[in-house]
Amino acid sequence: MAQQEQIFPPPPPLLTQKPPFEYQLLKHRAVPGIAKLDVYRANGGYKGLERAVKMQPDEVVNVVKASGLRGRGGAGFPAGMKWSFIPKGPGPKYVTCNTDESEPGTFKDHELIENNPHQLIEGVLITCYAISSENGFIYVRGEFARGIRVLKRAVEEARAAGLVGQNILGSGWNCEVVIHSGAGAYICGEESALLESLEGKRGYPRLRPPFPAVAGLYARPTVINNCETLSNVPHVLREGAEWYSKFGTEKTKGFRVYCLSGHVERPGNYELECGTTFRTLINDLGGGAWKGRNIKAFIPGGSSTPMLAPTDEVMDTPMDFEGIAARGSMQGSAGVVVIDDQTCIVGAVLRLVEFYKEESCGKCTPCREGTQWLVQMLHRLENGESREGDLELITDVGGNIAGKSFCLLGDSAPVPYNSALKLFREEFEYHITHKTCMVGPRAGKQLAGVH
Amino acid sequence: MIDNYSDNLESRVGEFTLSEGSRREIEALKKQYPSARSAILPALHVVQAQFGFIPAEPMGELAEILGILRGDVEQVVTFYRMYNQRPVGKFHVKICDSISCYLRGSDELLEHGQNRLGTKLNETTPDGQITLSKIECLAACGAAPCLQVNDEYVYNVQPEQLDEILDSLKSADKNPYFIP
Ligand SMILES: Cc1cc2nc3c(=O)[nH]c(=O)nc-3n(C[C@H](O)[C@H](O)[C@H](O)COP(=O)(O)O)c2cc1C
Ligand code: FES
C-alpha cells in the first residue's frame with residue numbers, strides 16, 4: 001500500500017545512494033512496510049526476543065551492560081546498569097517507556113514509533129523479561145495520535161502471533177504491553193512526573209529518593225527508559241554486545257538518531273554512529289546554513305542544552321556525551337538546532353524561554369514564578385524597553401530558579417539566556433542602548449517609544 | 001465545579017451524557033491497568049472525541065466508572081493542554097511556535113492564518129468550523145513549520161499552503177489529514 005511506504009515525519013533527501021550509516025533504528029527507510037509484523041520478522045525482527053527468552057533474565061541484563069548502551073532520553077545513564085538496580089524479590093515490577101518526546105528540537109521517537117513500531121515493542125518485551133516483569137507501558141505523548149494507532153495495531157499483531165500475552169514463544173513467561181496516551185505536558189517526560197501521570201494524576205514530579213527502581217509505578221520497582229534507548233535493545237540482543245560496542249566512541253557506544261532542525265538546508269533525522277562530528281551532521285549531511293548564510297550558533301542537544309558557537313574546535317567535536325561536555329554543553333536528546341547569522345539572538349532566546357514558562361507544571365514557586373519573570377524581562381529587552389542593569393537582573397533571576405527548583409525543568413529555563421549571553425553579550429547590550437535589534441529583520445528599526 | 005460549556009445550562013441538560021460506545025471504550029481501557037485510575041487520560045480522549053471538548057457532566061460519569069472522585073478527574077482536565085475546557089471549532093488548527101518552527105517562519109504563519117480567517121488566536125470562526133491556536137513543540141521540528149489539524153499532522157507548511165488548508169477545512173466534514 002502506498003500509504004505505508006510514505007514516511008512521516010518526512011525524512012531528509014538522501015545525497016548518495018547509500019545512507020551515511022547503514023540503517024538500523026531507521027530501517028523503515030530501507031525496508032518499506034516494516035511496520036507490519038511479517039516484514040519486520042523477515043528482516044530479523046523478534047530474533048532478539050527469541051534469544052532473550054532462552055537466557056536467564058540476569059544474562060540479558062549482562063548483555064545490555066556489556067554493549068555499553070546508554071540512555072537516549074537526555075542523561076545518558078547506562079541502560080543495563082539501570083536494569084540491574086531492580087530488586088529480585090517477588091511481586092509486580094514494571095517497565096515504562098518514555099515516548100513523551102516534547103523537548104524542542106527533538107523528533108526521533110516520533111519517526112521511530114510511526115514507522116517501526118515492532119522494534120520498540122520488541123525492546124519493551126526484552127526489557128520486561130530482563131527484570132522479570134509482566135507489564136510494559138509505553139507512555140506516548142497524546143499529540144502522537146497516529147503513532148498511538150500504529151503502536152496499538154502492532155501490539156495486536158504481536159499478540160496474535162504469540163509475542164505478547166501468555167506463554168510468550170513457549171517460554172512460560174507472560175507479558176502485556178499497554179500503549180498509554182498522554183495529553184500534552186512537557187513535564188510528563190520527566191520520569192517521576194511520567195509515573196504520576198501514568199497513575200492518572202497531574203504530572204507533578206516526585207521527591208527522590210525513593211528512586212523508581214525501588215518505588216516507581218504503583219510504588220513498585222520500575223524501569224524507565226526512553227523510546228530510542230529501548231529501540232536499540234533488539235539490535236543488541238540479536239547481534240550481540242560485541243557487535244554493538246564496535247560502534248561509537250570509547251564511552252558512548254552504538255548509533256543514534258540525531259535530529260537536525262532550524263536554519264539548515266536539509267533538516268531531518270540522521271542515524272549515525274555515536275561520536276560523528278557536528279561538522280559532518282550540520283555541514284556535510286545537513287548542507288550547512290540555509291539560503292547561503294552562515295551559522296551563528298547552534299543548540300547541540302535539545303532546547304535545555306547550552307548553545308555553542310560554530311568554531312572549528314566545536315565543529316570537529318565528536319557528538320558523544322563526553323565530547324560535547326568538554327565544550328561546555330551537553331549531548332542531551334541529540335536535537336541539534338541551527339541558528340543563522342540573520343537571527344536576532346534575543347528574539348530566539350525569548351522564544352526558547354517562553355517554552356519553559358508555558359510548560360512549568362506549577363508545583364514549585366521558583367520555577368512557576370521565575371519563568372514568568374524571565375519571560376517578562378526578556379520581552380522588555382526584545383522590545384527595546386530595558387534599562388541599564390537588566391541583563392544582570394535576568395541573570396540573577398535565572399540563578400534563583402536553577403538549583404532551587406523541584407526538578408530539572410527549572411534548571412533548564414535559564415540555560416538559553418545564560419549560554420547566549422556568554423556568546424553574544426554585545427547584541428543583548430545593543431537592545432538596551434539602541435532600543436532595537438542589532439541583527440535580523442527588525443535591525444535598526446525603533447521598537448519602543450523614545451524617552 | 002467547572003461550568004465550561006453553556007450560559008443556559010438548564011436547557012441543555014442531557015445533551016452531554018456519554019454514549020454507549022464511549023462507555024464501552026472506557027470500560028475496555030480500564031481493564032488494561034492494575035489500577036482503574038490510570039485510565040483517566042486515555043478515557044478523557046474518548047470523552048473529547050465524542051463532544052469536541054470536555055463538558056462538565058461526563059466528568060462525573062467518568063469518575064463513577066473509574067471509581068474515583070469527580071475532583072480527581074477535574075484536576076487532570078485542568079492540567080493537560082490537550083483537553084479543551086471550552087468548545088472549539090470542528091477543526092482545531094494548532095500551529096507550532098517553538099524554536100525550530102519559529103526559526104523557519106511560524107510567527108508569519110500565525111499572522112497569516114488570523115488574517116485569512118478574520119479571527120484572533122483561540123477564537124472560532126462564526127460558522128463553528130475552525131479555531132486557530134498556537135502550540136508548543138510538536139516533535140516534528142525537522143519538518144518546520146508544522147501544525148496539527150485536531151490531532152493530525154501537516155508538515156512543512158508555507159503561508160500559501162496554510163491558505164489551502166484553511167480553505168479546505170471550511171467545508172470539510174471529516175479531517176482530510178487523517179492517516180490511519
Ligand atoms: C523536564 C524534563 C523533561 C524530560 N522529557 C523527556 C522526554 O520527553 N523523553 C525522554 O525520554 N526523557 C525525558 N526526560 C528524561 C527522563 O527524566 C529520563 O531521564 C529518561 O526518560 C530516562 O531514559 P533513558 O535512560 O533511556 O535516557 C526529561 C527530563 C526532564 C527533567
Ligand atoms: S519546534 Fe515546532 S515541532 Fe518542534
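Biologist: What makes B:Phe53 buried?

Modeller: The relative accessible area of B:Phe53 is 5%. Buried means under 20%, so B:Phe53 counts as buried. This is a predicted model.

Biologist: Why does B:Phe16 count as buried?

Modeller: The cut-off again is under 20% relative accessible area. B:Phe16 has 4% relative accessibility, so B:Phe16 counts as buried.

Biologist: How many aromatic pairs does a search of the whole structure find?

Modeller: The search finds 25 aromatic pairs over all chains.

Biologist: Why are B:Phe16 and B:Phe53 called an edge-to-face pair?

Modeller: Their centres are 5.8 Å apart, with 80° between the planes. A pair needs centres within 6.5 Å, and edge-to-face needs planes over 60 degrees apart, so both conditions hold.

Biologist: Which distant parts of the chain does the pair link?

Modeller: B:Phe16 lies in the segment before helix 1 (20-31) of chain B. B:Phe53 lies in the loop between helix 2 (40-51) and helix 3 (57-66) of chain B. The two residues are 37 residues apart.

Biologist: Why is the pair of B:Tyr153 and B:Tyr155 called stacked?

Modeller: The angle between the planes is 5°, and the centres are 5.3 Å apart. Stacked means under 30 degrees, so the pair is stacked. B:Tyr153 and B:Tyr155 are buried.

Biologist: How do you know that the charged end of A:Lys291 sits over the ring of A:Trp290?

Modeller: The charged end is 4.2 Å from the ring centre. The distance limit is within 6 Å, and the charge must also be within 35 degrees of the ring normal. A:Lys291 is listed as sitting over the ring.

Biologist: Where does the charged end of A:Lys296 sit?

Modeller: It sits over the ring of A:Phe424, 5.2 Å from its centre.

Note on methods: Residues are numbered from 1 along each chain as its sequence is written. Chains are lettered from A and ligands numbered from 1 in the order in which they are written. This is a predicted model: local features need pLDDT of at least 70, side-chain atom pairs count only at pLDDT 80 or more; totals for chains, interfaces and linings use all residues. Side-chain values use heavy atoms; hydrogens and water are left out. Rings of Phe, Tyr and Trp (its six-membered ring) pair if their centres lie within 6.5 Å; planes under 30 degrees apart count as stacked, over 60 as edge-to-face and the rest as tilted. Helices (H or I, at least four residues) and strands (E, at least two) are DSSP runs, numbered from the N terminus. Buried means under 20% relative accessible area, exposed over 50%, partly exposed in between (1.4 Å probe, protein chains only).
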